[in-house]
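Grab a pencil and work through the exercises below. Try each task on your own before you read its solution.

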Amino acid sequence: MVTTTQQKMVTGKINGQDVTVPAGTQILEAARLAGIEIPNLCFQPLLRPWGSCRICTVEILGRRGGLIESCATPLGDGMEVLTHSPDALQARLYILQMYLIDHALDCPTCDKSGECYLQDNTYLHNINANPYRRPKFSQPYEHFSATIDYKWDRCIMCNRCTRVCDEVIGVTAIETANRGLEATISTAFGIDLSETSCTNCGMCIAVCPVGAFTDRHFGHHPWELDATETICGFCDNGCTINVESNKGIVRRVSHLWERGVNHGYTCEKGKWGHEIIQSPDRIFYPRLREQDGRVYETGWDEIVAHVADRFGHYQGSKFAALASGENTNEEAFALQQFSRAVMQSNTVNRLLSPAQMAVERTTRQAFGLDVASTNNLQELFSAAKNILVVGPSIFEHAPIVSYWINHARLYREARIVVISTEHYLLCDRAVMWLKPNPGTTDLLIDGIAAEIVNSGLLSGEADQVAGASDYAAYVAEVDVAAIAEKTGISVQQIHEAAMVFLAGEMDFVGPRPEGGFKPSSVFSTIAHGDEDGKMAEYGDPARITAALTNLSALTGNLGIAGGGVASMRGPANYQGTTDMGMVPDFLPGGIDIADDTARGRFERAWSSRWIGQAITSNGFAQVRSLPTTPGLELDELADAIDSGVVKAAWVEGGFATRHEVLNTRLYEALKKLEFLVVVDAYDSPLTEIADVVLPLALNLEKDGTFTSYDRTVQRVRAAVPAMGEARSELQILSAVAGRLGYDLTYGHPAQAMVEIAQLVPDYAGVSYARLERGGIVTPVAAFGDEGATILGGDRLHTQYITPAS
Ligand code: SF4
Ligand code: SF4
Ligand code: SF4
Ligand code: FES
């Protein structure tokens, strides 16, 4: 976790051991840091101390009535704590016996059996008889929704479920109803959760320490499951998930608390999205389209020979390769290598929507490189203070970011301004929600920048950024009253939003605090604007992105903890596939294709991979140098296909392309190719137009790494075998390249990462061995380095962007 402020430390004794922790750390957590476990039920990491179950009772020596709940009592300087004194144990035993009076104790039929905290604690405290008893109260299951059941007589009223729903998810779809023995957890008015604000994230099930909340899709004993820790493949937050399988079938995703960027929490897609792995519309076998249009399934040998033979005709500028943002780093590295070294084409890219293209291009222009985030997600727990959220619902598109923004609001009093044309729950929890008229989001941000400049509260340090004078002239021309007219947001509101972003207070009038303002960060989901055709509502994504990077630079928020600009892009490995060189003018690591020295390093590494004659019949040439002219940008590619310059392509599909066409202009062009290979896991609009369809293994079926939007490289692990004949991209490319005489075989993706670390300076410190201990933030220059969580200063070539620049 990124910490930035000096904290007061305290030292106490726990079981005779000196423990030093930041002041305010609860005894239970201090003990855990020292490797001492204290039993608990209502404690849940990242939630407020609740102190209701009292199972965590410990004894504080020298204090009257020394028994106290350790989860809600901070360790004091000089405090002496015994976690297992006879009195503490006796108290816990008594409390447990009280719970067991009314608890259902239907363990043989309870889903939670084997991982129930009450069961564990009963065993731990050796309770084999209970002197307290009365007839049990019992109630049937309540179906809260299609995925969630509640069983009252197992509920211990610890309120973990209601607290997680409110404090993390930011929803409050469930609440406590009634009192005393009749207390229960209830949905609003007892209606189905699907009719409430519930997001179906399943976190109420995940945190329930007993079997009161259960997963209606799950029907197994936990001890029959094999667990694999891996990374969710549904968005670029990069959440760590625990995939549990049995007989090669994924049965559920469970939660590794305090692991990963998500600390164990997930959204609905992370929780239940695994079910699509077993979807009947998976592609199981390679497919070939005959000249008469008929499609038949075939084996890998035949299809690989066919693909290699056809590609042999299209070496050079006739060839293009598009990765999916869901390819692993190793797959993307291999695909760009195949395109450059084997096919002699720099026309490589990701299959991007127009909004993604615009955000990427503008970010590259503003910072000199494309990074989805200049800062680290974990700063929301330590440094972020004033937060501007812009674009389509962050709640929907980057749920974990939304959780941690809500958490920062609740626990660190972060002040939030949301600019969005749609209403979602964070809008209600923000200090301000601004809903500009369609197409005017960029104007509103410019208005906020102008109000900040006009307030006279800036100290001028951001005047050093390139393009400062042009930007100053541009802002000077901004007419806030006219913006108010166009956006429908009053001048007063624009001013208040400016003050919240700069100073954390709507009515701030100065003076500028000594030492400057607290940090302000920007979170943008504008790259998601094409989904559901929302772009018209927001306006030009390039202009919005420019206005946001300008605002951050103007207020001196680049290069500081809690500041910066994040623009989540969508696909799980968007950042990684960019880093791996799936970009027409940059080699892996953002190295300019025209840089002879750097390109020479790649040529030397790859030229030895030519192993023999190509097994083709078409005069395909083995070239031992890399092409030097930049490839075509995505919008140029469509024109080049139309005009017959590009004739063949290798295109990877992904989750976002499953049902919709991401880029209509390009899609129409792809139909005109002489030869189109689509590699995908599902039938999609892309597979409909392909000459060859190759079945791709999903992230839960292969090894590799993803790089999350905040530049954290994390290990993707195969949890189950690939369905049917599906293969990873590395396996597929290795077979096709082999037919062309090029050895693109990596025994394991770890070997590809060894090569990446050697060739890509920003990944030089990444290795699979190191990844076993957790994610590694890039750029990371060496194995011993921590990685640069915050980019700014010399690491970015920041410039202001005005419409004229
Ligand atoms: S599924 Fe999520 S949003 Fe719905 S009630 Fe449970 S915790 Fe709340
Ligand atoms: S349902 Fe589970 S998490 Fe919620 S109060 Fe009951 S025992 Fe606690
Ligand atoms: S936030 Fe993204 S990465 Fe995390 S669980 Fe949800 S879909 Fe998966
Ligand atoms: S865990 Fe401390 S009171 Fe429940």
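**Exercise 1. Work out how helix H13 and helix H16 are placed relative to each other, and which residues make their contact.**

Solution. Keep in mind that you're looking at a predicted model.

Step 1: find the two helices. H13 covers residues 441–454 and H16 covers residues 491–503. Their axes come within 8 Å and cross at roughly 70°.

Step 2: Angles of 65 to 115 degrees count as roughly perpendicular, so H13 is roughly perpendicular to H16.

Step 3: list who touches whom. H13 brings Leu-444, Gly-447, Ile-448, Glu-451 and Ile-452 to the contact. From H16 come Ile-494, His-495, Ala-497, Ala-498, Met-499, Phe-501 and Leu-502.

Step 4: sort them by class. The contact of H13 with H16 has nine nonpolar, two polar and one charged residues.

**Exercise 2. Describe the shells around ligand 1, ligand 2 and ligand 3.**

Solution. Let's take the ligands in order.

Step 1: ligand 1. Its surroundings are Ile-148, Cys-165, Ala-173, Ile-174, Cys-198, Thr-199, Asn-200, Cys-201, Gly-202 and Cys-204. Sorted by class, that shell has seven nonpolar, three polar and no charged residues.

Step 2: ligand 2. Here 14 residues surround the ligand, and the closest are Cys-155, Cys-158, Asn-159, Cys-161 and Cys-208.

Step 3: ligand 3. Around it you'll find Cys-232, Phe-234, Cys-235, Asn-237, Gly-238, Cys-239, Thr-266, Cys-267, Lys-269, Gly-270, Pro-399 and Ile-400. The elements giving two or more residues to this shell are helix H6 (268–272) and helix H11 (399–412). By class, the shell around ligand 3 has seven nonpolar, four polar and one charged residues.

**Exercise 3. Zoom in on Ile-148: is this residue buried or exposed, and what does it touch?**

Solution. 

Step 1: locate the residue. Ile-148 sits in strand S7, and it belongs to the shell around ligand 1.

Step 2: check the accessibility. Buried means under 20% relative accessible area. Ile-148 has 0%, so it's buried.

Step 3: look for contacts. Leaving out residues up to four places away in sequence, Ile-148 touches Glu-142, His-143, Leu-193, Asn-200, Cys-204, Ile-205, Phe-213, Thr-214 and Arg-216.

Step 4: compare sequence with space. Ile-148 and Thr-214 are 66 residues apart in sequence, yet their C-alpha atoms are 5.8 Å apart.

**Exercise 4. Find the nonpolar cores and say which residues have the most contacts inside the largest one.**

Solution. 

Step 1: start with the largest core. It has 83 residues, and those with the most contacts inside it are Phe-213, Tyr-265, Ile-394, Ile-405 and Phe-523.

Step 2: look for another core. A second, separate one has 60 residues, including Phe-319, Ala-321, Leu-744 and Val-766.

**Exercise 5. Which residues of helix H24 are buried, and what covers them?**

Solution. 

Step 1: pick out the buried residues. H24 runs over residues 729–739, and its buried residues are Glu-729, Leu-730, Ile-732, Leu-733, Ser-734, Val-736 and Ala-737.

Step 2: see what lies over them. The cover includes helices H7 (300–311), H8 (329–342) and H25 (749–759), along with strands S25 (648–652), S26 (675–680) and S27 (692–695).

Step 3: follow the chain onward. After H24 comes Gly-741, with a positive phi near 90°.

Terms used
Residues are numbered from 1 along each chain as its sequence is written. Chains are lettered from A and ligands numbered from 1 in the order in which they are written. This is a predicted model: local features need pLDDT of at least 70, side-chain atom pairs count only at pLDDT 80 or more; totals for chains, interfaces and linings use all residues. Side-chain values use heavy atoms; hydrogens and water are left out. A residue is near a molecule or strand if one of its heavy atoms lies within 4 Å of it. Ala, Val, Leu, Ile, Met, Phe, Trp, Tyr, Cys and Pro count as nonpolar, Asp, Glu, Lys and Arg as charged, and the others, Gly among them, as polar. Axes are lines fitted to C-alpha atoms, for helices over the stretch in contact, and angles run from 0 to 180 degrees between N-to-C directions. Helices (H or I, at least four residues) and strands (E, at least two) are DSSP runs, numbered from the N terminus. Angles under 35 degrees count as roughly parallel, over 145 as roughly antiparallel, 65 to 115 as roughly perpendicular and the rest as oblique. Contact means heavy atoms within 4.5 Å. A nonpolar core is a set of buried Ala, Val, Leu, Ile, Met, Phe, Trp, Tyr and Cys residues joined through side-chain atoms within 4.5 Å. Buried means under 20% relative accessible area, exposed over 50%, partly exposed in between (1.4 Å probe, protein chains only).
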